[in-house]
Amino acid sequence: MPGAAPVLTLHELRELHTLDDLDRLFGGLLDAGFAGGDVPSGTGWVLGIDAALAQPLDLVEQLDWPRHWAGHATLCGAMDRAMFRDLLRAVSAARPAGQKYLYRACCRRAGAASPMNTVRPPVALMFHAVAPRLAAHEVHVPLLRPLSDKPRNTYVALETYPGWLARQLIGRAPYKGGGATDRAARREARTALLRSLAGLAGHPAASPHGAVAAPTLSTGLSAPRPGPLPDLLPRLTIRWNADHATRMLDDPEADLLDALLCAVLAAASALRPGYGLPSPAAPPHGITAAQLDVEGWIAGLPPEE
C-alpha cells in the first residue's frame with residue numbers, strides 16, 4: 001500500500017557451522033531456499049556480517065600492508081590463524097600502556113572493540129576468518145571493494161554491528177551470555193529487543209491482523225524507550241513466526257537474535273542511496289577519505305555524531 005513501511009520477512013534461521021559454508025555463501029553456492037520464499041538461485045542478496053571487515057589505517061601503514069582492501073585482506077588470509085594473532089599481539093605489546101590497540105574511526109563512533117582484539121571479543125580472528133574469504137569472491141563491498149559494473153543480481157556484503165543497534169533499542173541492558181543468575185533478566189532483555197524491532201514500522205508490536213508476530217512482554221518489562229532511532233533507520237515492518245521468536249528468546253548467547261539485528265541493518269541500508277554509508281568525497285567531520293577507503297564503515301551507523 002502507498003505509504004506503508006517496507007517489509008522484511010524472516011523465512012529461516014539457519015546455522016552455518018564451518019568456514020567452508022562461508023565460501024559457499026560468498027560464492028553464491030548455497031541452495032535457493034537459503035533466501036526464503038520463492039526467490040530463485042542466483043538472484044543476489046544484501047548480507048549483514050557481524051565481523052570487522054577491515055583493519056585500522058594506522059595499522060595498515062605501520063605494517064606496510066597494501067592500502068587497497070582486497071590486498072591486505074588477502075595478505076592476512078595467507079597467514080595461518082596463530083601467525084596473524086601473534087603479529088597483532090606483537091604490535092600491541094610494543095605500544096604504550098593504555099594505548100595497546102589501534103581503532104578504526106567507525107569502531108570508535110560505534111563503541112565497538114578494536115579489530116586488533118584477539119580475545120574478549122576476538123574481533124581480529126573474526127576478521128581473519130571472514131575478510132580474506134570475502135575478498136576471494138566477486139562480492140560488492142561498498143567503500144572497501146565497490147564493483148563498478150555490478151549486475152542486477154549482485155551479492156553485497158555490509159559490515160553490521162548488532163550490539164550498536166541493540167543499544168539504540170533497549171539501552172545497555174545485557175541480553176546475552178552471563179551466568180545462571182542472569183538468565184531470566186537477559187531473556188527479558190531479548191524479549192524487549194524483539195518488541196522494539198516489531199515497533200520499527202511505527203505501530204504497536206501486537207497487530208490485530210497478525211502482520212507482525214511478536215512475543216508478549218512479561219510482567220514488569222518496560223516498553224521500548226523513546227530515542228533517536230526513527231532518524232537512524234527507515235520505517236520497516238519485520239515479520240517472524242512464533243517458532244523463530246522462541247528460538248531467538250531461548251538462545252542464551254543471542255546468536256540468532258544478533259543475526260536478525262544484522263538483517264535489519266542490512267535491509268535498512270539497502271533502502272538508502274549508497275547503502276547510507278558516508279562518501280569519501282565528503283567524509284564525516286574528523287574522518288579522512290583515506291580512512292574510509294581503507295577502514296570502511298559500519299552499516300546503519302550515522303556518518304555524523
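Predicted model: local features only at pLDDT ≥ 70, side-chain atom pairs only at ≥ 80, totals over all residues.

At what angle do helix 7 and helix 8 pack, and how far apart are their axes?

Start with the general idea. A packed pair of helices is described by two things: the angle between the axes and the distance between the axes.

Now the pair itself. Helix 7 covers residues 162-170, and helix 8 covers residues 183-198. They pack at an angle of about 85°. Their axes are 9 Å apart. Angles of 65 to 115 degrees count as roughly perpendicular. Helix 7 and helix 8 are therefore roughly perpendicular to each other.

Which residues meet? Helix 7 brings Ala166, Leu169 and Ile170. Helix 8 brings Ala189, Ala192, Leu193, Ser196 and Leu197. Sorted by type, the residues of this contact are seven nonpolar, one polar and no charged.

Next, the wider structure. The protein has 12 helices and four strands. It has 305 residues, and buried residues make up 47% of them. Take the contacts between residues at least 6 apart in sequence: 70% of these join residues at least 24 apart. The accessible surface comes to about 15000 Å². Carbon and sulfur atoms account for 55% of that surface.

Of the 13 residues, 11 are buried, so helix 6 is largely enclosed by the rest of the structure. The buried residues include Val123, Phe127, His128 and Leu134. What do the buried residues of helix 6 pack against? They pack against helix 1 (19-26), helix 3 (69-77) and helix 4 (81-93), and also against strand 2 (45-49) and strand 3 (155-159).

The peptide bond from arginine 120 to proline 121 is cis. Its omega is near -10°. Asparagine 117 sits in the loop between helix 5 and helix 6 as well. At 8% relative accessibility, asparagine 117 counts as buried. Setting aside residues up to four places away in sequence, asparagine 117 touches Tyr101, Pro122, Val123, Ala124 and Leu125. Val123, Ala124 and Leu125 are among the buried residues of helix 6.

Helix 5 holds cysteine 106. Is cysteine 106 buried or exposed? Cysteine 106 is buried, with a relative accessible area of 0%. Not counting residues up to four places away in sequence, cysteine 106 touches Gly296, Trp297, Ile298 and Leu301. The C-alpha atoms of cysteine 106 and proline 56 are separated by 9.7 Å, though the two are 50 residues apart along the chain.

Tyrosine 103 is found in the loop between helix 4 and helix 5. At 29% relative accessibility, tyrosine 103 counts as partly exposed. Leaving aside neighbours within four places in sequence, tyrosine 103 is in contact with Pro56, Arg108, Ala112, Ala113, Ser114 and Glu295. Its C-alpha atom is separated by 7.0 Å from that of proline 115, 12 residues apart along the chain.

Finish further along the chain. Alanine 254 lies in the loop between helix 10 (242-250) and helix 11 (255-270). Its phi is positive, about 60°, although alanine 254 is not a glycine. Alanine 254 is buried, at a relative accessible area of 0%.

Helix 11 contains alanine 267. Alanine 267 has a relative accessible area of 18%. Buried means under 20%, so alanine 267 is buried. Not counting residues up to four places away in sequence, alanine 267 touches Leu8 and Leu236. The C-alpha atoms of alanine 267 and glycine 48 are 219 residues apart along the chain, yet separated by 8.4 Å.

Tyrosine 275 lies in the loop between helix 11 and helix 12 (289-295). Phi of tyrosine 275 is near 60°, a positive value in a residue other than glycine. At 17% relative accessibility, tyrosine 275 counts as buried.

How values were computed: Residues numbered from 1 in each chain as written. Heavy atoms only, no water. Axes fitted to C-alpha atoms, helices over the stretch in contact; angles between N-to-C directions. Helix = DSSP H or I, 4+ residues; strand = E, 2+ residues; numbered from the N terminus. Parallel < 35°, antiparallel > 145°, perpendicular 65-115°, else oblique. Contact = heavy atoms within 4.5 Å. Nonpolar A, V, L, I, M, F, W, Y, C, P; charged D, E, K, R; others polar. Buried < 20%, exposed > 50% of the residue type's maximum accessible area, 1.4 Å probe, protein only. Areas by Shrake-Rupley, 256 points an atom, 1.4 Å probe, with all protein chains shown as cover.
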